[in-house]
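Open the model in your viewer and keep the sequence panel beside it. This tour goes from stop to stop, with a selection at each one.

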Amino acid sequence: MRRERAALSDACLREHSRLICEHARRCLRWLRPGTLAGYFGIRGEIDLTPLLTQQASTGVHIAMPVLDRHRTGRMHFRSWHPGEALCRNAFAIPEPCPGARRIWRREITAVLVPLVAFDAQGHRIGMGGGYYDRYFARRRLGQSRRPRLIGVAHDFQQVAGIAAQPWDVRLDGVITESGWQFFSAD
């Protein structure tokens, strides 16, 4: 999946990103006021920058993931405003710089989650680091239904099934270039 995603033409990636941002813009109207967490796409991941910029212009607060420099394998979120300078983390992924305000889990209304593959039950395979599963473990433990976790993917990233692990946190939905899929809480 990673190779297939990385091999997409620039034109295809731009078109998928445009369609996904348009679907998300229409479907996230319930978010205001609130905080939307996104990510900066790399290696064929969807470019959410137009959506995040548009949402920020309507008063939605934007949060972006940041690798925790003091705890290996952990992340948290920091505030980001379109146009602000970014720093690069250990994986060379852009992220808000250390001076940006930390956004706490309870402040986030919805999270747009990158993924490598997903199934129709809301299971996902990420890049293998477990960052999102660790950060949102309270959802898995039934301690919280917030924030809403929305996967972002290309249609071809849907697979017939994923063997869920005990530590996996399910998605509430996924958005692809074809539109939205919502998953039941069962």
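**Ground rules**

This is a predicted model, in which local features need pLDDT of at least 70 and side-chain atom pairs count only at pLDDT 80 or more, while totals for chains, interfaces and linings use all residues. Residues are numbered from 1 along each chain as its sequence is written, and side-chain values use heavy atoms, with hydrogens and water left out.

**Stop 1: the sheet**

Switch to cartoon. Helices (H or I, at least four residues) and strands (E, at least two) are DSSP runs, numbered from the N terminus. Two strands pair if DSSP finds at least two bridges between them. Which order do the strands of the open sheet take? There are eight, in the order β6-β3-β2-β1-β7-β10-β11-β12, and the pairing is mixed. β6 and β12 (179-182) are the edge strands, each pairing on one side only.

Select 148-152 and 173-176. These are β10 and β11, which run parallel and are joined by three bridges. Isoleucine 150 stands opposite glycine 173 in β11.

**Stop 2: strand β3**

Select 75-79, which is β3. With strand β2 (residues 61-67), β3 pairs in the antiparallel sense over five bridges. Valine 66 has histidine 76 in β3 as its bridge partner. β3 also pairs with strand β6 (residues 102-103), in the antiparallel sense over two bridges. There, arginine 78 stands opposite arginine 102 in β6.

Now show side chains. In a regular strand the side chains alternate between the two faces of the sheet. Met75, Phe77 and Ser79 point one way from β3, and His76 and Arg78 point the other way. Buried or exposed? Five of the five residues of β3 are buried. Buried means under 20% relative accessible area, exposed over 50%, and partly exposed in between (1.4 Å probe, protein chains only).

**Stop 3: aromatic rings**

Rings of Phe, Tyr and Trp (its six-membered ring) pair if their centres lie within 6.5 Å; planes under 30 degrees apart count as stacked, over 60 as edge-to-face and the rest as tilted. How many aromatic pairs does this rule give? The count is six.

Select Phe77 and Phe136. Phenylalanine 77 and phenylalanine 136 form a tilted pair, 6.2 Å centre to centre with 45° between the planes. Phenylalanine 77 lies in β3 and phenylalanine 136 in the loop between α4 (131-135) and α5 (137-140), so the pair ties together parts that are 59 residues apart in sequence. Both phenylalanine 77 and phenylalanine 136 are buried.

Tryptophan 180 and phenylalanine 182 form a stacked pair, 5.2 Å centre to centre with 15° between the planes. Tryptophan 180 is buried, at 19% relative accessible area, whereas phenylalanine 182 is exposed, at 62%.

Ring pairs link Phe77, Tyr132, Tyr135 and Phe136 into a cluster. A charge sits over a ring if NZ of Lys or CZ of Arg is within 6 Å of the ring centre and within 35 degrees of the ring normal. Arginine 134 does likewise over tyrosine 131, with its charged end 5.7 Å from the ring centre.

**Stop 4: the core**

A nonpolar core is a set of buried Ala, Val, Leu, Ile, Met, Phe, Trp, Tyr and Cys residues joined through side-chain atoms within 4.5 Å. The largest has 41 residues, of which Leu36, Leu48, Phe77, Val111, Tyr132, Phe136 and Val152 touch the most other members.

Select Val111. Leaving aside neighbours within four places in sequence, valine 111 is in contact (heavy atoms within 4.5 Å) with residues including Phe77, Tyr132, Phe136 and Ile150.

**Stop 5: annotated sites**

UniProt positions use the numbering used here, feature names are shortened, and annotations may be inferred rather than shown by experiment.

Select Glu45. UniProt places a "binding site" feature there, in an unreviewed entry. Glutamate 45 lies in the loop between β1 (35-37) and α3 (49-57) and is buried, at 11% relative accessibility. Beyond four places in sequence, glutamate 45 touches Arg5, Leu13, Tyr39, Phe40 and Pro114.

Finish at the other "binding site" listing from UniProt (unreviewed entry), whose residues include Ile125, Met127 and Tyr132. Methionine 127 is found in the loop between β9 and α4 and is partly exposed, at 38% relative accessibility. Outside four places in sequence, methionine 127 is in contact with Arg2, Arg5, Arg43 and Val116.
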